[in-house]
Amino acid sequence: SFLDTMPGECGIVYCNTRRTVEDVAGKLAVNGYSATRYHAGLDADERKENQEAFICDRSPVMAATNAFGMGIDKSNVSFVIHYNMPKSLESYYQEAGRAGRDGSCGECILLYTPGDVQTARFLIQNGGNEDLSPDVQEHVREGELQRLRQMTGYCKTADCLRGYILSYFGQSHPETCGCCGNCKTER
């Protein structure tokens, strides 16, 4: 229903897994949206072709893992949807920041379920740090789990979302921004 309010607009739907990218891209196509997909499981030629289709607005909606977006110079991205919760506020902020680069307001939607926390925890616990010593692996894992707790706090807070992010990055801010979903919602 959100995409119906953004006809012809460009946007990115970030998903945590390749399988979810495939599911989301398929559902978008079945429902008549011009969408493509991007993840590391696609061969290089298809990734390049899909990226070009998105950049040239032939497929204005991109369903992708976080492997997509680095180095993309596309100013007319109007929205970013996180279909799953990212593992950290750093990731969320970087990905959400791809909307509105042309100076217009960007819409950012974060969908969250408790299952996202379980998936993220599984990915952290089973991540590929085999080349590190066990002590360093544990230190890295603890840091990632702390970032996951901060991200979960962001998803659950009733306070100003912009303020939460600014506090996380050590910046001062007013109590409310008046623009985020929490500030606009009457309780």
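A disulfide is a pair of cysteine sulfur atoms within 2.5 Å. Cysteine 10 is buried, at 3% relative accessibility. Here buried means under 20% relative accessible area, exposed means over 50%, and partly exposed is in between (1.4 Å probe, protein chains only).

This is a predicted model: local features need pLDDT of at least 70, side-chain atom pairs count only at pLDDT 80 or more, and totals for chains, interfaces and linings use all residues. Residues are numbered from 1 along each chain as its sequence is written, and side-chain values use heavy atoms, with hydrogens and water left out.

Now pick cysteine 179. Is this residue buried or exposed? Cysteine 179 is exposed, with a relative accessible area of 58%. Its closest cysteine sulfur is in cysteine 177, 5.0 Å away, and that is too far for a bond. A search of the whole structure finds zero disulfides.

**Helix 2**

Select residues 44–55. This is helix 2, with twelve residues. Helices (H or I, at least four residues) and strands (E, at least two) are DSSP runs, numbered from the N terminus. From first C-alpha to last, helix 2 reaches 16 Å, close to the 16 Å expected at 1.5 Å a residue. The expected span is 1.5 Å times one less than the number of residues.

Colour Asn50, Ala53 and Phe54, the buried residues of helix 2. Look down the axis: these buried residues fall within an arc of 100 degrees, so they line one face of the helix. The arc is that of the directions from the helix axis to the C-beta atoms. Turn to the other side of helix 2, where Asp45, Lys48 and Glu49 are exposed. Next, show what covers the buried residues: the cover includes strand 1 (10–14), strand 2 (35–38), strand 3 (61–64) and strand 4 (77–82).

Check both ends. Aspartate 43 caps the N-terminal end of helix 2, with a side-chain oxygen 3.1 Å from the backbone nitrogen of aspartate 45. Just after helix 2, aspartate 57 takes a positive phi of about 65 degrees.

Move to helix 5 (134–156). Its 23 residues should span 33 Å at 1.5 Å a residue, and its end C-alpha atoms are 33 Å apart, which agrees. Select Arg141, in helix 5. Arg141 counts as buried, at 17% relative accessibility. Leaving out residues up to four places away in sequence, Arg141 touches Ile124 and Gln125. Contact means heavy atoms within 4.5 Å.

Which residues touch the most other members of the largest nonpolar core? They are Met85, Leu89, Tyr92, Leu148, Met151, Tyr154 and Ile165, of 15 residues in that core. A nonpolar core is a set of buried Ala, Val, Leu, Ile, Met, Phe, Trp, Tyr and Cys residues joined through side-chain atoms within 4.5 Å. Helix 5 gives the most to this core, with four residues.

**Last stop: Phe169**

Find Phe169 in the loop between helix 6 and helix 7 (181–184). Phe169 is partly exposed, at 37% relative accessibility. The C-alpha atoms of Phe169 and Leu89 are separated by 9.3 Å, although these residues are 80 residues apart along the chain. Show Glu90 and Tyr93 too: Phe169 touches both, not counting residues up to four places away in sequence.

How values were computed
Polar contact = N/O pair within 3.5 Å; in protein donor to acceptor, adjacent residues only side chain to side chain.
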